[in-house]
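Reader: I'd like to go through this one label by label and hear what each label rests on. Can you take me through it?

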Amino acid sequence: MIKEVLVVEGRSDVARIRASHIDVDMITTDGFNLKLHTLEQIRCAYEKRGIIILTDPDRAGEQIRKFLTDRFPKAKHAFIPRKDAIANNDLGVEQASPEAIRLALSKVRCATYEPQTTFTMQDIAAAGLNGTPDAADRRAEVGAILGIGYGNAKQFLKRLNHYGVTRDEWDAALRQIHEVK
């Protein structure tokens with residue numbers, strides 16, 4: 001059983017995670033309609049057991065993640081890559097395979113209070129993750145490998161430094177996407 005409480009967007013996400021045979025307690029945000037009693041429930045879980053935020057890899061999911069992170073800065077984060085969360089012309093946790101959900105939960109990251117400055121925009125550009133025609137796809141691939149999700153170049157850089165990615169992890173991820181090409 002996962003110690004932390006998983007915070008997801010809706011009941012379909014809960015059903016998909018249960019069907020994936022993952023033993024975890026969950027709280028749903030019901031999308032961005034966070035009610036006071038739901039925030040209180042999340043706060044209690046955060047203080048007693050910790051929480052892992054797993055939202056859809058879309059704009060609304062990122063807004064919910066940011067809203068919760070601002071209130072619960074020690075929350076852990078799990079990300080399912082967009083390519084693994086699409087089915088039936090829909091995007092979300094409920095569309096992900098059990099393997100994709102398990103992989104995301106195996107790569108949980110915690111934002112650091114004192115962000116590092118390990119990476120710079122020059123690192124992003126040198127790796128072809130900004131300023132090239134396929135930069136967005138390459139960021140998505142590296143983000144999936146590192147378990148930090150997708151973001152534009154500025155957001156991606158912030159995640160690299162806030163989620164404690166090491167140079168070794170970075171180098172290994174870049175080698176991995178070069179092997180695939």
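This is a predicted model: local features need pLDDT of at least 70, side-chain atom pairs count only at pLDDT 80 or more; totals for chains, interfaces and linings use all residues.

Reader: What makes Asn161 a contact of Thr118?

Author: Contact means heavy atoms within 4.5 Å. Leaving aside neighbours within four places in sequence, Thr118 is in contact with Asp123, Asn161 and Arg167. Thr118 and Asn161 are 43 residues apart in sequence, yet 6.3 Å apart in space, C-alpha to C-alpha.

Reader: How do you know that Asn161 is buried?

Author: Its relative accessible area is 7%, so it falls under the 20% cut-off. Asn161 belongs to helix α7 (residues 153-162). A polar atom of the Asn161 side chain also lies 2.9 Å from the backbone nitrogen of Phe119. For a polar contact you want a pair of N or O atoms within 3.5 Å; within protein, one must be able to donate a hydrogen and the other to accept it, and residues adjacent in sequence count only if both atoms are side-chain atoms.

Reader: What makes Phe119 and Trp170 a tilted pair?

Author: Rings of Phe, Tyr and Trp (its six-membered ring) pair if their centres lie within 6.5 Å; planes under 30 degrees apart count as stacked, over 60 as edge-to-face and the rest as tilted. Here the centres are 5.1 Å apart and the planes are at 55°, so the pair is tilted. This pair links distant parts of the chain: Phe119 is in the loop between β7 (109-110) and α5 (121-126), Trp170 is in helix α8 (residues 167-180), and they are 51 residues apart. Phe119 and Trp170 are both buried.

Reader: How many aromatic pairs does the structure hold?

Author: There are 4 aromatic pairs. One of them joins Tyr46 and Phe72, tilted as well, at 5.0 Å centre to centre and 55° between the planes. Tyr46 is in helix α2 (residues 36-48) and Phe72 is in the loop between α3 (59-71) and β4 (76-77), 26 residues apart. Tyr46 and Phe72 are both buried.

Reader: Why does Arg71 count as sitting over the ring of Phe67?

Author: A charge sits over a ring if NZ of Lys or CZ of Arg is within 6 Å of the ring centre and within 35 degrees of the ring normal. The charged end of Arg71 is 3.5 Å from the centre of the Phe67 ring. Arg65 likewise lies over the face of Phe79, at 4.0 Å from the ring centre.

Reader: Why is Ala127 called buried?

Author: Ala127 comes in at 11% relative accessibility, so it counts as buried. Ala127 is in the loop between α5 and α6 (135-146). Not counting residues up to four places away in sequence, Ala127 touches Arg138, Trp170 and Leu174.

Reader: And what puts the buried residues of α4 on the same side?

Author: In helix α4 (residues 98-106), the buried residues are Ala100, Ile101, Ala104 and Leu105. They cover an arc of only 130° around the axis, which puts them on the same side of α4; the arc is that of the directions from the helix axis to the C-beta atoms. These buried residues pack against β1 (5-8), α1 (11-19) and β3 (51-53). The face turned away from the buried side carries the exposed residues Glu99 and Ser106.

Reader: Last one: what makes β2 and β7 edge strands?

Author: Two strands pair if DSSP finds at least two bridges between them. The open sheet has 5 strands in the order β2-β1-β3-β4-β7, with mixed pairing. β2 (26-28) and β7 each have a single partner strand, so one side of each is left without a neighbour in the sheet. For β7, the antiparallel pairing with β4 runs over 2 bridges.

Key
Residues are numbered from 1 along each chain as its sequence is written. Side-chain values use heavy atoms; hydrogens and water are left out. Buried means under 20% relative accessible area, exposed over 50%, partly exposed in between (1.4 Å probe, protein chains only). Helices (H or I, at least four residues) and strands (E, at least two) are DSSP runs, numbered from the N terminus.
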